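Thanks for coming. I have one structure to go through today, so please have a look at it first.

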Amino acid sequence: MARNAEVWAVVRRLGESWTGRMVSARGFDQPCLLFSAEAAPPAIALGTQVELGLATRRMAKAVSSGAQVIAVEWTPEGVEMSLDPDDPELFKEAIPGLVTHGDDRRNHVRVFPRTGDGIQVSVRIQEDLAGNPLLARVTDASTGGLGLLFPYDLEERLCFARVLLVELESAGGESREVECEVRNRTLVVDGVRYGVEFRASREPVPQPFEPLWDCSCGATGLLAASHLRCPACGRPQQGTTRIPHRNGRLSATLHPYQGTAQTCRGCGAVWSAEAKHCARCGLVLARPRGGTLQGP
């Protein structure tokens, strides 16, 4: 369904109601509602039962059903909430194509790749700094953020959080808390997944948090975003990536190939003395006795 379709939705809970409109579902077959930032419902835990009503100008009577909240996402347009209705057939008759079929809700939750199995991080809620830290498992990572898996019983405490402080360990063994903004939360098979985005820090971070890849030449632990080519042999990035960790925890990097000892004459990228090839364009790095770099 197009985003400008006039299908209005009302969510009710505990005597309060919020009005939004239907938008196309992202990755789900269930109804997805869009609320403006000012008119969005307050923090509602995933899995909460609400009452959902839908209406269009062509309908003689609005339809309604109980529903379960299964995902929340913050977008530039507002807050999107995905719901799993108790009576999908009712909606299917009224507004064809809007809702899914099937009775097992466990088929509706999303499953993310478990690339971070075993890697756990300590998390604090910025809005509740007096509370005890929480433990989360890293489910996926990118240069801009993380996917964090929490046990479902923590959702009542987590659901109002917009900023999480995630403790990450540097390559030097030092731990620091990184501010992360919550971008989405999703009910998954074994808990709740929070997708977070790293916030810009006043303190410079030497390297972003990047997945790693290994080159067929034998070089290991290369940075997926920074090393588009192997610094040892110049080959393009290949194979799958994995989440970096140090002593079982996520690692921020000062990578051995990162530095300023050498500058590539081809693209201007700088690298440590250990690099033999530019990890951006692949050119050979040569250091003569005088210290000036030569191209290939």
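Predicted model: local features only at pLDDT ≥ 70, side-chain atom pairs only at ≥ 80, totals over all residues.

Residues are numbered from 1 along each chain as its sequence is written, and side-chain values use heavy atoms, with hydrogens and water left out.

The whole chain, then. It has 2 helices and 18 strands, taken as DSSP runs numbered from the N terminus, helices being H or I with at least four residues and strands E with at least two. Of its 296 residues, 46% count as buried; buried is under 20% relative accessible area, exposed is over 50%, and partly exposed is in between, with a 1.4 Å probe and protein chains only. Take contacts (heavy atoms within 4.5 Å) between residues at least 6 apart in sequence: 52% of them join residues at least 24 apart.

Now the strands. Two strands pair if DSSP finds at least two bridges between them. Strand E11, residues 175-188, runs antiparallel to E5, residues 63-75, with 3 bridges. It also runs antiparallel to E12, residues 191-198, with 8 bridges. E11 and E12 form a hairpin, with 2 residues between them. Arginine 185 in E11 stands opposite valine 72, and its bridge partner in E12 is tyrosine 194.

Which residue pairs its ring with tyrosine 194? The structure holds 1 aromatic pair. It is phenylalanine 150 with tyrosine 194: the centres are 5.6 Å apart and the planes at 80°, so the pair is edge-to-face. The rule, for rings of Phe, Tyr and Trp (its six-membered ring), is centres within 6.5 Å, with planes under 30 degrees apart stacked, over 60 edge-to-face and the rest tilted.

Last, the cysteines. How many disulfides are there? The count is 0, with a disulfide taken as two cysteine sulfur atoms within 2.5 Å. For cysteine 215, the closest cysteine sulfur is in cysteine 233, at 3.6 Å, which is too far for a bond. Cysteine 215 is buried, at 6% relative accessibility, and cysteine 32 is buried too, at 2%.
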